Amino acid sequence: MRARLPVILAFIPALALVAGLPFVNRLEPVVLGMPFLLVWILGWVLATPLFLGLAYFLSDGARR
């Protein structure tokens, strides 16, 4: 299971960006003057390096 966790963590942002779009494609609510879809995409783009960094540190690559 330890080897699968980094892969799952790396897959979460891609899944949220692709599979989540039909559910968040709304003009309302407006967050900071932006449609929610734009906020959703921007949030996941900013969160992706965090997920990939955590996946790297949990993988064997960080121990080399």
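Residues are numbered from 1 along the chain as its sequence is written, and side-chain values use heavy atoms, with hydrogens and water left out. Because the model is predicted, local features need pLDDT of at least 70 and side-chain atom pairs count only at pLDDT 80 or more, whereas totals for chains, interfaces and linings use all residues.

**Overall form**

The chain has three helices and two strands, where helices (H or I, at least four residues) and strands (E, at least two) are DSSP runs numbered from the N terminus. From the N terminus on, these elements follow the order α-α-β-β-α. The C-alpha trace spans about 45 × 20 × 10 Å along its principal axes. The radius of gyration of the chain is 15 Å, while a compact globule of 64 residues would have a value near 11 Å; the radius is taken over C-alpha atoms, and the globule rule is 2.2 Å times the number of residues to the power 0.38.

Of the 64 residues, 16% are buried; buried means under 20% relative accessible area, exposed over 50%, and partly exposed in between (1.4 Å probe, protein chains only). The accessible surface comes to about 4,900 Å², and carbon and sulfur atoms account for 76% of that area; such areas come from the Shrake-Rupley method with a 1.4 Å probe, and for residues only the protein chains shown count as cover. Among contacts (heavy atoms within 4.5 Å) between residues at least 6 apart in sequence, 54% join residues at least 24 apart.

The table sets out two of the helices. The expected span is 1.5 Å times one less than the number of residues in the helix.

| Helix | Number of residues | Span, first to last C-alpha | Expected span |
|---|---|---|---|
| Helix 1 (residues 4–19) | 16 residues | 21 Å | 22 Å |
| Helix 3 (residues 36–58) | 23 residues | 32 Å | 33 Å |

Helix 1 bends by about 30 degrees at Phe11, and Pro13 follows within four residues. The bend at a residue is the angle between axes fitted to the seven residues ending there and the seven starting there. In helix 3, a kink of about 30 degrees lies at Ala47, shortly before Pro49.

The buried residues of helix 1 are Pro6, Leu9, Pro13 and Ala16, and their cover includes helix 2 (21–24) and helix 3. In helix 3, Trp44, Ala47 and Ala55 are buried, and helix 1 is among the elements that cover the buried residues there.

**The loop at Gly20**

Gly20 lies in the loop between helix 1 and helix 2. With a relative accessible area of 13%, Gly20 is buried. Leaving aside neighbours within four places in sequence, Gly20 is in contact with Leu15 and Trp40. Gly20 and Ile41 are 21 residues apart in sequence, and their C-alpha atoms are 9.6 Å apart in space.

**Aromatic residues**

Rings of Phe, Tyr and Trp (its six-membered ring) pair if their centres lie within 6.5 Å; planes under 30 degrees apart count as stacked, over 60 as edge-to-face and the rest as tilted. By this rule there are four aromatic pairs. The ring centres of Phe36 and Trp40 are 6.3 Å apart and their planes stand at 45 degrees, so this pair is tilted. Both residues lie in helix 3, four residues apart, about one turn of the helix. Phe36 is partly exposed at 25% relative accessibility, and Trp40 is partly exposed at 24%. Phe36, Trp40, Trp44 and Phe51 form one aromatic cluster.
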